[in-house]
Amino acid sequence: MKNGILFLAFLLSFSATAQPFHPYQVKSGHIRYQTTRFILHTEMHTDSDGKMVGKAEQIPYLSRTRDYYWDDYGNVARDMIYKVSDGSGKPLPEKKKILERLWRDGRMYYLKNGKVAFDPDHLRDECLASKPLFKKAGWFAVLYPHAKAVGQEKVAGKTGTRYTVDAFSEYVLWKGLVLRDVSYYTNGAGERKGKQWDKKAMKVQIGIEFNSGFFYPLWYQQFTPYYLLDAGRITGLLKGNPDLLQQAGNYGLILRQGETVIYVTSGKRIGKLSVLAIDPKNNNRLVLKYVTYNRDGSQKSSEDQFVVDNGFYCDLDTGKVSAMPFPDHDFQWKGEPFSILQQGKTLGFYLIKSSKK
């Protein structure tokens with residue numbers, strides 16, 4: 001429990017520095033969507049003159065459902081997408097979750113096929129980069145500056161504005177929230193030839209009071225701090241969050257698999273490393289991944305799987321490993337008997353307490 005509290009504090013220390021992003025005019029709520037896709041069915045026959053003629057029609061089928069939740073006017077959001085039919089339109093025996101996403105702290109995190117990853121929140125970044133337009137006209141105007149309002153449409157009990165973006169797509173928006181997203185097939189002349197999909201809100205609930213853990217799901221809690229760190233956040237931790245860190249003493253740091261460490265190298269560069277494994281079959285050698293940053297935030301060196309044998313010395317500026325000590329080495333790995341990272345010429349190693357096992 002203590003580690004969970006520390007990890008939450010670690011995340012909050014980051015979110016406090018992120019600018020709020022309020023794309024909606026409604027504080028909180030939930031929208032359930034259904035996606036209808038269309039199969040093009042063509043029949044050919046011979047007419048009375050012996051000519052082959054065809055008849056094409058679009059056959060709709062329910063493809064997916066989506067539950068989208070938001071709070072703080074869209075500054076945090078979470079959704080779950082379910083597949084309900086296969087590619088031929090045949091319903092599945094039961095719906096299958098194919099994707100879960102979480103928007104918070106300026107990033108979009110997602111769970112897919114049992115794996116957790118993240119991407120920048122591109123919409124948020126574009127809106128904050130075009131702040132005057134965003135404040136005046138909203139996110140939709142930033143993303144689609146040439147969209148045209150073509151009237152009103154009632155969807156799920158809410159009357160929104162329908163926008164034509166181009167020949168391929170239309171949207172219905174209500175208070176900044178998407179109620180409908182329609183994609184069209186077109187021919188070479190840009191003429192619409194039917195729908196590709198129609199994503200439509202079926203139910204809208206607003207004013208929901210979410211519990212404190214709803215936008216902090218278990219899969220996100222398990223997201224290692226290593227991936228959350230960049231050069232700016234490492235600097236912020238080193239300068240202003242000593243309570244979240246355990247500095248290496250004269251004896252070094254005892255490390256365990258899964259722990260995350262930030263550091264300042266002998267070359268005065270900051271960096272991060274994560275312990276992938278301590279291999280008992282190979283004399284407790286250290287297997288890690290790391291990134292060392294230049295002063296401008298670019299990467300100086302990095303490895304996704306880096307091995308340091310028991311007793312060896314390592315420089316995190318260059319990725320050099322040697323059985324013998326050398327000038328400016330950052331640490332020595334003492335795998336036996338206590339799995340100790342012994343500080344060398346580096347200016348500091350700091351264990352992220354929330355990752356401590």
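**Note on cores, rings and backbone of a predicted model**

1. Start with the packing. The largest nonpolar core has 26 residues, and the members touching the most others are Ile31, Tyr68, Trp70, Trp139, Leu177, Leu179 and Ala201. Two or more core residues come from each of β1 (29–46), β2 (52–71), α4 (139–143), β9 (169–174), β10 (177–186) and β11 (192–206). The largest share belongs to β9, with 4 residues. This is a predicted model.

2. Leaving out residues up to four places away in sequence, Leu177 touches Tyr24, Val26, Ile31, Tyr68, Trp70 and Val172.

3. Next, the aromatic rings. The model has 19 aromatic pairs. One of these joins Phe210 and Phe214: the ring centres are 4.9 Å apart and the planes meet at 25 degrees, so the pair is stacked. The cut-off for stacking is under 30 degrees. Phe210 and Phe214 are both buried.

4. One aromatic cluster is made up of Trp139, Phe140, Tyr144, Tyr163 and Tyr171.

5. Charges over rings come next. Phe214, the stacking partner of Phe210, has the charged end of Arg78 over its ring, 4.8 Å from the centre. In another case, Lys272 lies over the face of Tyr226, with 4.4 Å to the ring centre.

6. Now the backbone. Most residues other than glycine have a negative phi, and most peptide bonds are trans. Asn113 has a positive phi, near 55 degrees. Asn113 belongs to the loop between β5 (107–112) and β6 (115–120). Asn113 counts as exposed because its relative accessibility is 72%, against a cut-off of over 50%.

7. Asn284 also has a positive phi, about 55 degrees, and is not a glycine. Its place is the loop between β15 (270–279) and β16 (285–293). Is Asn284 buried or exposed? Its relative accessible area is 16%, so Asn284 is buried; the limit is under 20%.

8. Last, a peptide bond to check by eye. The bond between Glu336 and Pro337 is cis, with omega about 5 degrees. Pro337 sits in the loop between β20 (331–334) and β21 (340–343).

Key:
Residues numbered from 1 in each chain as written. Predicted model: local features only at pLDDT ≥ 70, side-chain atom pairs only at ≥ 80, totals over all residues. Heavy atoms only, no water. Buried < 20%, exposed > 50% of the residue type's maximum accessible area, 1.4 Å probe, protein only. Core = buried A, V, L, I, M, F, W, Y, C linked by side-chain atoms within 4.5 Å. Contact = heavy atoms within 4.5 Å. Phe/Tyr/Trp six-rings, centres within 6.5 Å; stacked < 30°, edge-to-face > 60°. Lys NZ or Arg CZ within 6 Å of the ring centre and 35° of its normal.
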